[in-house]
Amino acid sequence: MGIRERLSGNEAVATAMKQINPDVVAAFPITPSTEIPQYFSSFVSNGVVDTEFVAVESEHSAMSACIGAEAAGSRAMTATSANGMSLMWEMLYIASSLRLPIVMSLVNRAVSGPLNIHNDHSDAMGARDSGWIQLFSENNQEAYDNMIMAHRIAENKNVLLPLMVCQDGFITSHSIENIELIEDEKVKEFVGTYHPEHYLLNAKEPIAVGPLDLQSYLFEHKVQQSEAMKNAKKVILDVAKDFEKMTGRKYGFFEGYKLDDCDMAIVCMNSTAGTTKYVVDELRAKGIKAGCLKIRCFRPFPAEEVAEALKHVKAIAVLDKAASLNAAGGALYEDVVSGMFTSNIHVPTVNYIYGIGGRDTKSTEIETVFDDLATIVKTGEIGNPYRYLGVRGGNK
Amino acid sequence: MQNKIDANTPWEEMTPGGDIYEAGNAKEFKTGSWRSMKPKYLSEKCTQCGLCFPVCPEDAIPVNKEQKREDFNYDYCKGCGVCAKVCPFHAIEME
Amino acid sequence: MAYNLKQVVAEKPSRFTSGHRMCAGCGAPPVARHILRALKPEDHAVVSCATGCMEVSTFIYPYTSWTDSFIHTAFENAAANIAGVEAAYVSLKRQGKLPQDHETKFIAFGGDGGTYDIGLQSLSGAMERGHDMVYVCYDNGAYMNTGIQRSSATPKFADTTTSPAGTKIPGKMQPRKDLTKVLAGHHLPYVGQTIAYMNFKDLYEKAEKAIYTKGPCFLNVLSPCPRGWGYPTDDLMIINKLAVETCYWPLYEIIDGKYVINYKPKNKLPIEEFLKPQKRFKHMFKPGNEWMIEEFQKEVDTRWQELLDLEEMGNK
């Protein structure tokens, strides 16, 4: 079963892309995702894939070319980070509004400014309302697996939305770890071929894409997108089931780690979950009931399911690796809290902004979060709900 | 399906993404009501020189298989008068 | 086969239909329609269009004026969009996923805003990468869709809503960018500058060459705007004629780097003839402003001479 390898996160994604063998890849280099188009263009140069590689002059053109290619009736992919995705901004919204199931690898990095090339989630968090499905990955294995599942989700007739697979820049993208790859033939069969119903290159049925959509129509088109995002929830679970049958690896909207019987839980995404699980194990060894909820599927956001999974917990910390600069907490915190409130579940919940611009988050810092939660459980006092973790100066 | 789409169509019945599957269906949208001046075709003065029909922004001067222009298609003519101005034989009058 | 306008129009149905909502007398629809007529009837085309007058007037949901496949996404990326479509075509055809006996052509349309300015990077990138496509700029010399703001295609001294002719500053103070030459710098197999003139022969033949020359090709077409330029709508063809006869808009092409001027007026008209009918230049004709006309004339003469020199260099 599977092929044992040692790959970096970027190598894992490039390998998945090679196995998916998309028709078009259009990409522009940006740290830390640069290696993906580099590896991929070597596959193209050596005839390993059938892909047309478009070495565009900017990320705006990368997404524009992907939109053209996908609307033309082909499978199009790209990879980027931070400012690269900022430059795509306009086109992200257009890609989803045109219902084009483009798949992108987003190697998370801090969005300028000031300039910083290291990891946080400000790029992905900013795109949370752009109509893209967003899957997060704790490590290279998950980045690879999410990529293999991506097209089946995005191209489903009830979904037809673009999808980005996120992983942490450098921490995951450049760390070499063990990985279990799936055989090429199995990937090919799992991903399947793309057969869009309507496409530009169908000379028998010329179509028009991208209208001026005025007051009488845009609202209804947005409702369609919104409903498609709701539909994606079922499809994400269905595809995960098939994936589990093939690999034995289980995926859902999120992973609960020692969550069911815990008193205190940390909610987080991507590589921080690895650190948190380590701390949970240490605390458990001391008899402290700590747990972790790692979000995999951030868009669509599984609000009800998250609330249900956390309802028994006595205190919760949500870790946001992006400062929302809104004086009311980070994006993940807002989603978790509003999900719980809507489900009429009321658990003391605090927010930590952490890891900005690649600031290292150590296990000792995660321990302090659990310490804080223990205090909240004991005193029932939340205090300041909007906190920082790992910053110098006051207002921890 | 999209032929029936109008301002009363529920979202479930609209084309996803705003795509249109019947290319060229703008023909169903008549622009003749924009007109304030109306060109009149005086066929007896027309020499079929061919200067008028390519200049029409609306494609409202039909040309038949015999390569001859016919009377205006007032469904679309916006009355701009470009055709009348290019006619050397005064075979189009604006009124 | 020699060009025969009547035959072309009679035998090749319009691929840009009536029912669009461009202004009465707009110069752009006859240009787009005639360019598309240069396609072989059996060939399918995919057209991309930059946001601008042409796009927002021809594809208002749920109606489209384009009988070929059409894509619009944004203002600055018509070239990148069509490049993506073309890349998909190359890929799918190579893989045997599309009918092998069928040709598809790729044409992008953009106004001067979407081409000279905000879309220049996307255009330059697509041209350099060598996609098999034609980019057509319909140049109306300002951002007309948003209400006549100056662009880098706007001629010097023109009165626009962001370069108003005031008491201190008499209109736009910078001369027009020569985009055709910028594209010439990309060393493309075919670059043409044209206009809808006379029986549209120049426009049609250049479109045909651009569409059926393999590789990235560019057409720059002057396309008057009665509202933005301030002339009566019925004067479209007179304005076009004056643009050519004054050498304001020379008709020329660059084939594999060789310049060919397609029309040299026997009697080059003074630039006043082109400027006078247009309200955007009205202030240039006030007493005391003669220098503006002189300067404008000098600019036109310099550029025309440069073109003549370039053509001559190619003949050596």
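The structure is a predicted model, in which local features need pLDDT of at least 70, side-chain atom pairs count only at pLDDT 80 or more, and totals for chains, interfaces and linings use all residues. Residues are numbered from 1 along each chain as its sequence is written, with chains lettered from A and ligands numbered from 1 in the order in which they are written.

Let's start with the open sheet, which has nine strands in the order E9(A)-E4(C)-E1(C)-E5(C)-E6(C)-E8(C)-E7(C)-E9(C)-E10(C) and mixed pairing. Strands here are DSSP runs of E of at least two residues, helices are runs of H or I of at least four, and both are numbered from the N terminus; two strands pair if DSSP finds at least two bridges between them. At the edges sit E9 (208-209) of chain A and E10 (258-261) of chain C, each pairing on one side only. E7 (190-195) and E9 (252-255) of chain C pair antiparallel over four bridges, and Val191(C) faces Ile254(C).

Helix H4 (78-94) of chain C packs on this sheet, touching E1, E4, E5 and E6 of chain C; contact means C-beta atoms, placed from the backbone, within 7 Å.

The largest nonpolar core has 262 residues, a core being buried Ala, Val, Leu, Ile, Met, Phe, Trp, Tyr and Cys joined through C-beta atoms within 7 Å, where buried means 20 or more other C-beta atoms within 10 Å of a residue's own. H4(C) gives the most to this core, with 10 residues.

As for chains B and C, 35 residues of chain B contact 36 of chain C.

Technical notes:
Contact = placed C-beta atoms within 7 Å. Axes fitted to C-alpha atoms, helices over the stretch in contact; angles between N-to-C directions. Buried ≥ 20, exposed ≤ 12 C-beta atoms within 10 Å, placed from the backbone.
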